[in-house]
Amino acid sequence: MFRNLTRVAFRNLWRNKSLSTINILGLAVGMAAAMLIGLWVQNEFSYDSFYKKADRTYLLYTRADYNGATDAWPRVSSLMAPQLKKDYPEVDDAVRFRRVYFLLTEGEKHINIEGDFADSGFLQVFDLPLLQGDAKTALTSPRGIVLTEHVAKNLFGNEVAMGKMVRIDSTDYFKVTGVLKDLPGNTEFTFQYLLPWSYIDKLGWLKDERWTYANITTYVTLKPGVSRAAFDAKLGHILKPYIPATPEFAHREIFAQPITRTHLYSKVENGRLTGGLITMVRLFMVIGIFILLIACINFMNLSTARSEKRAKEVGIRKVVGALKSSLITQFIGESILLALLSFFLALGIVQLSIKPFNQLIDGRLELDWTNPYFWLASLAFVLFTGLVAGSYPAFYLSSFRPVTVLKGAFKKAGALVTPRKVLVVLQFSFAVILIICTIVVERQLDYGRHRQVGYEQSGLVFTFVQGDVLSHYDAIKRDLLNSGAALSVTKLYSPITTVWNETTNLSWPGSTEADKKRFFNDYESDADFVRTTGAKLLAGRDIDLKTYPTDSTALLLNEAAVKMMRLNDPIGATVRNENGVDCHVVGVIGDFIIESPYNKISPMIVQGLSTGYPVVHFRLNPANSFADDLDKAGKIFKQYNPQYPFEYYFVDEFYNNKFKAQQQQGTLGLLFAGLSIFISCLGLFGLASYMAETRTREIGIRKVLGASVAGIAGLMARDFIKLVLIAVVIASPIAWYVMSHWLQTFDYRVRLDGWIFLSAGALAILIALATVSYQAVKAGLSNPVHSLRSD
């Protein structure tokens, strides 16, 4: 029986080669798109879930009042981890983690890359595969370093790295105590080497650490059987004995977040992690389902369109005793067979497109051909697609009455037009929704990219302070200016595009207790902040520690800070900082964007403190080419800091990197919206082709009676255009509802103008018209003699 059903299925496919090709191609493209989205979604859900202790390992967060709201961030005091291991028996281990940039040197090889300090138990909590060394001892030595595989190869070539010496910066030597396999793509960790936590104590970076500080990433592993809820309940009280009972810290508490959720859930609302990337993942899951449904609708439409040719087959089978259930089984089997053929074609499409797709999403997705779960999932995917695509045609075709169809009284139009119209409308509704959403997302991204940042990014460069740069800063600045490579130079505490520090507990004349809870973005500068960055000076002057030694207590305020502090005349106002030092305001600068262009600009201060500045900014001289300026600057930095490479970053490029993930998501949306239109039009083309074939005699009669080619083409296209118009009417309010809610998540956003919906509708109609016009014109040009010969 199976052999007979298979033979019939292939015979039907071969008899209708053009429609079968369209069916298989449309279903294959839909399945390939769904598979690519599925691979990406699975990868996002797999982040940091592959560790043996992943199900009981958590990242600690601090929750506190922040500018009138409750905020949370993934850092706690460095004193937390030792206290947890000492006083909390339910804790299996607690490890601290802190990012650092050091220059690694071996002989004449220098690598300036990102690493991290980590407690000795880090590699036991996170069992990343070690190629050399022991996870239990790799970070116990105070002068041991663990390298990733490619760093070890860059430093030592093909030699065994274990036991070799590496110089950190230009001061200390460390022995390689472990070599890690390169980090997988589905982890939040990005380090290239690990250093023991004890080295921080040697450097004295945390000598003034307090419980009120919350700046160290800390992971905790609970013992088996310990619930997160019970642990969180105890964590809520851990700070009380150690922090002052002031309004600033009254509501501060600690809570744990599973490491398997940190990648997807990073958005904070009222102190809770409620969203983040998970929103985009869910959106693309819906898009994947939409695309697959569009492909399945193609199959349904084209299968029911061929119903007249298969009606007699159904009638004869019923006359000779075939049950309805056996006919349903036959048609479902045919659709599953077609889904299987489409799946193998889809595998080829995925294999060919996965490399450029990885480049687009900056990922490492791959098809795991050797994994039995992959083939089980593939089988389920084929069966699901075949059942969804073949369910309606199977029940529809098996319902024909043999007496009716064998008498030739089978209706060609009236009984078929309604379900097919519904499916076409549904198909194009999905496509139009995707088009509108893609246009809105792209406009919002474009708005963020082109919003005025408030300072001059072009020609602004920064470099991180390393080695002897700080001790020779005055000479470096002098030579940069005298050589004509730079117009101005300033030292800052962080890059202009990033906030590394915030301050609170400020007071000023007229301030309240509530004001002390306000957080300010905190920059520090030595001089020429305004001139170098190109920020707008609205009142007063810039900070200049060399000209005005008292500027060590000077402040610049941005407009948002002046407004929040309610200062009518800010110049000369006294502001007491969190250390109790009275500072004086010397200038007011315009607001500028630091982090996201979609969010409100936060209050900001620029302090004139004379402490260490880890970032040097300088403005290139536009009279020369940037390449010449940077060549001169590189020689100057090399002269005073010969052990370190001169590494620089353009501020505009650094800022634009903020949009990388959003740009990728926008491009993905555009790609899949295009695929949905392609699949819809593929089905529309096949449907138009078949309808032209079935209306051959009607067209012949119309031509004999004097109908023009344009009239016949318009007649055939009109029905399809009406369906697309209905789809636009249905899709527009749905897309408006979805996008209006999405845009509400941004403080600064574009408007949902009517032209967006009109453009999407016009585009869908034009594409549909172009798709059916070929078959419509071809039918109009046909010779009526051939179609009417039998009459």
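The following questions and answers walk through a predicted model of one chain.

Biologist: What should I know about the model before we start?
Modeller: This is a predicted model, so local features need pLDDT of at least 70, side-chain atom pairs count only at pLDDT 80 or more, and totals for chains, interfaces and linings use all residues. Residues are numbered from 1 along each chain as its sequence is written, and side-chain values use heavy atoms, with hydrogens and water left out.

Biologist: How many helices and strands does the chain have?
Modeller: Both are DSSP runs, numbered from the N terminus: helices are H or I with at least four residues, strands are E with at least two. The chain comes to 23 helices and 24 strands.

Biologist: What percentage of the residues count as buried?
Modeller: Buried means under 20% relative accessible area, exposed means over 50%, and partly exposed lies in between (1.4 Å probe, protein chains only). The chain has 791 residues, and the buried share is 52%.

Biologist: Among contacts between residues at least 6 apart in sequence, what share joins residues at least 24 apart?
Modeller: Contact means heavy atoms within 4.5 Å. For this chain the share is 78%.

Biologist: Which residues does Phe-45 touch, leaving aside neighbours within four places in sequence?
Modeller: Phe-45 sits in helix 2, residues 17-45. Its relative accessible area is 41%, so it is partly exposed. Its C-alpha atom is 8.9 Å from that of Ile-278, although 233 residues separate them along the chain. The contacts of Phe-45 are Leu-264, Ile-278, Val-281 and Met-285.

Biologist: Are helix 14 and helix 17 roughly parallel or roughly antiparallel?
Modeller: Two packed helices are described by the angle between their axes and the distance between the axes. Axes are lines fitted to C-alpha atoms, for helices over the stretch in contact, and angles run from 0 to 180 degrees between N-to-C directions. Helix 14 (residues 473-482) packs on helix 17 at about 155 degrees, with the axes 10 Å apart. Angles under 35 degrees count as roughly parallel, over 145 as roughly antiparallel, 65 to 115 as roughly perpendicular and the rest as oblique, so this pair is roughly antiparallel.

Biologist: How many nonpolar, polar and charged residues make the contact of helix 14 with helix 17?
Modeller: From helix 14 come Ala-475, Ile-476, Arg-478, Asp-479 and Leu-480, and they meet Ala-633, Ile-636, Phe-637, Gln-639 and Tyr-640 in helix 17. Ala, Val, Leu, Ile, Met, Phe, Trp, Tyr, Cys and Pro count as nonpolar, Asp, Glu, Lys and Arg as charged, and the others, Gly among them, as polar. The count is 7 nonpolar, 1 polar and 2 charged.

Biologist: Is Asn-641 buried or exposed?
Modeller: Asn-641 is in the loop between helix 17 (626-640) and strand 24 (649-650). It touches Gln-466, Gly-467, Asp-468 and Val-469, not counting residues up to four places away in sequence. Its relative accessible area is 5%, so Asn-641 is buried.

Biologist: What is the phi of Asp-528?
Modeller: Most residues other than glycine have a negative phi. Asp-528 lies in the loop between strand 17 (520-524) and helix 15 (529-533). Asp-528 is not a glycine, yet its phi is positive, near 60 degrees.

Biologist: How many disulfides does a search of the whole structure find?
Modeller: A disulfide is a pair of cysteine sulfur atoms within 2.5 Å. Cys-296 is buried at 2% relative accessibility, and Cys-681 is buried at 9%. The number of disulfides found is 0.
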